[in-house]
Amino acid sequence: MTASTRGYLGPLALADEVGLARWQFERAQEAGMIPARDHSRGWLPEQVEQVRGLVAGIVQRFGAERPVGLHKCASRLAARLDRPVEADDVAALVQAGHLTAVEVFKGYDLYAPAQVDALPPKLVTEVVDARLGWENASMPVQELAQELGWSRDELNAVLAERGVRAGQDWRIANEVAERLRADIALRERVHADRPMAVVAAGLLLERVLNVEDGRRHVEAAVTLGLLTTGPAPAMHGRRRHSFTGPHYRTGDVEALAERLRTDTALRERVRAEQTITADAAASLLENLLDVQGARRHFDLAVKAKLIGAVDSHEKQVGREKWITIPLYRTGDVESLAENSVWHLVREIGPGQRSPLWDLVTERPPERATLLRRWLRDLGDAHGVEVWGWYRPGAKAWEIDWERTPESALTRDQVMASLISRPELTPHRKSITIGSAAGAAVNFARAMLEQGVAVILDTETVSLGGAVCEIAVIDACTGRTLLDTLVNPGVPIEAGAYAVHGITDSEVTAPGVPTWPIVYKRLLRATAGKIVLAYNASYDRNVITFDCERHGMRRSRLANTEHWADVMVPRSEHAYSRRLLRNGGGHRALGDVQQTRQHLLRMTAP
């Protein structure tokens, strides 16, 4: 669409009309050289000639070509002078003041092509020749580091130590590189000072000593003071996480390996100082004593304080769970094998009582015993029933108690009682006060009291449709208060029939009441009671729907305060992660009777 058809020109149309490139128009507009718009959306046709008269000044100020970066400047000069001009050469010209940036784009300086073309060929040639001469007389720092077998950090440290700085493009003069190659002592010192991770140190000892547990040799040597930790390497970027943990000087590790290779007594000391797990200790005892099942005997030896852990480490056994693994000295385990009681261990058969039980004088009570004792005392002190459940998956105990109008036990009192039992202090983190399962028990007991609640269920012609059967029983006694088919006035869908088996002929038979009649009987059956249902929201919604369908706008049973659900507390009582089905056969009376059975089972903690 042109100015003649819409009455104005936008920035692109105006730039094209006067012969300016888009970038030239934008720079001129930013510099305030373009006149203001006379139209809210652009420039009027009569302003075109005014802008056209400014074109020469705009081109003179901003040039005929768009500013370019260092690489395009280098390509332009290389094409003009037939010389290998690179971006670094242009950067050197900029640093010397021969080129000036005219604008900045995303943090990069841009230069006017006309200014680049005006550079004297001799000046550019001198810069290029100087760079080429330096490249012939030097080598890259990274290449030299690889040749010497050093890391870049190691090479930089040596250069700083000798007062040498890398030149242009991070290159080192050839004479400096040659001196470094020839200095054998320096290369040996750099190698000896190189940090070595504990895993690498263990592999080195395995290779020199021909053992399979080199890392444990390293840790034992550190314990004996034969090896000291050094600084970790200065790593950067994404590899930092790979270099955590202790590090040692390579020279110290190699010296230790040589000492252990030649000094048998020292090697034996290091072996005895190694730490092993209880399973490894039991395996060692089995090999030393020729017995089977030594793990249970070793555990009893620990309880009898014949041996104790000297260290430990953390082990992950789940996504968020860690356990502490005790570690024992190899020398202590071997000394334990010399104890006379192990001769008695050899004589017993599998499954027989270990003679080490006689040495275990103090057996601390188990956590379950302590908790049950506390719960019994707490219940006796307050005259209420107190419950405790152990959840294997969470490895925790849940504590709850009977809530009745007569009981005065509060959560604060339970917490105070727990704190007052010092024997439970190590287990407090694994005890939860109050639980969904306990709430379900109290709910079921309250609902089964005389005169408190009724249980209701409906069958419908479709999912969420009209009621075709309804039943109500007394929650306390189980007596049937209402059990009838309902003429819904609409056909029963095939899907609903497949579930409950009620046919259209059954609900339209003579004598089957309609909803207005049934609803009056329903109000009498539920008067003054809490209405329980399995998935209560469904039954409440279909009853409310039928009342509205028959013009009964003020339904007491539409109020959620009169209802309580059984499905959720039943699932929580069973510690189920999903909502459990009722399982009553999908007929109204059978379903309410099944729901009552669930409530009866829920009264037991």
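Helices, of at least four residues, and strands, of at least two, are DSSP runs that are numbered from the N terminus. With that naming in hand, we can walk through this structure, which is a predicted model, beginning with a single residue.

His-217 lies in helix H15, which covers residues 214-223. Is this histidine buried or exposed? His-217 has a relative accessible area of 4%, and because buried means under 20% relative accessible area, His-217 counts as buried. Leaving aside residues up to four places away in sequence, the residues that His-217 touches are Leu-205, Leu-209, Val-211, Val-270 and Gln-274.

On the side of H6, the contact is made by Leu-70, His-71, Cys-73, Ala-74 and Leu-77, while H7 contributes Ala-87, Val-90, Ala-91, Leu-93 and Val-94.

The strands come next, starting with an open sheet of three strands, in which the order is E7-E9-E8 and the pairing is antiparallel. Strand E7 (275-276) and strand E8 (311-316) stand at the edges, and each has a single partner strand, so one side of each is left without a neighbour in the sheet. Between E8 and strand E9 (residues 322-329) there are six bridges, and the two strands pair in the antiparallel sense. To follow one of these pairings in the model, look for His-313, whose bridge partner in E9 is Ile-325.

Another open sheet is built from five strands in the order E15-E14-E13-E16-E17, and here the pairing is mixed. Its edge strands are strand E15 (480-485) and strand E17 (563-565), each of which pairs on one side only. On average, and with direction ignored, neighbouring strands of this sheet are turned by 25° against each other. Strand E16 (residues 530-533) and E17 run parallel and are joined by three bridges, and in E17 the bridge partner of Ala-533 is Asp-565.

Helices also lie against this five-stranded sheet. Helix H24 (residues 436-447) lies across strand E13 (453-460), E16 and E17, and runs at about 125° to E16. Helix H27 (residues 515-526) packs on the sheet as well, where it touches E13, strand E14 (467-474), E15 and E16, and the direction of H27 makes about 15° with that of E14.

Finally, we can turn to charged side chains, for a search of the whole structure finds 33 salt bridges. One of them joins Asp-183 to Arg-162, with the closest N and O atoms 2.7 Å apart. This pair links distant parts of the chain, since Asp-183 is in the loop between helix H12 (174-182) and helix H13 (184-193), whereas Arg-162 is in the loop between helix H11 (152-161) and strand E4 (171-173), 21 residues apart. Asp-183 counts as partly exposed at 24% relative accessibility, and Arg-162 also counts as partly exposed, at 39%.

A salt bridge is also formed by Arg-249 with Asp-193, where the closest N and O atoms are 2.8 Å apart. Here again distant parts of the chain are linked, with Arg-249 in strand E6 (residues 247-249) and Asp-193 in helix H13, 56 residues apart. Arg-249 is partly exposed, with a relative accessible area of 28%, and Asp-193, at 37% relative accessibility, counts as partly exposed too.

In a further salt bridge, the side chains of Asp-377 and Arg-421 meet at 3.2 Å, N to O.

How values were computed
Residues are numbered from 1 along each chain as its sequence is written. This is a predicted model: local features need pLDDT of at least 70, side-chain atom pairs count only at pLDDT 80 or more; totals for chains, interfaces and linings use all residues. Side-chain values use heavy atoms; hydrogens and water are left out. A salt bridge is a side-chain nitrogen of Lys or Arg within 4 Å of a carboxyl oxygen of Asp or Glu. Buried means under 20% relative accessible area, exposed over 50%, partly exposed in between (1.4 Å probe, protein chains only). Two strands pair if DSSP finds at least two bridges between them. Axes are lines fitted to C-alpha atoms, for helices over the stretch in contact, and angles run from 0 to 180 degrees between N-to-C directions. Contact means heavy atoms within 4.5 Å.
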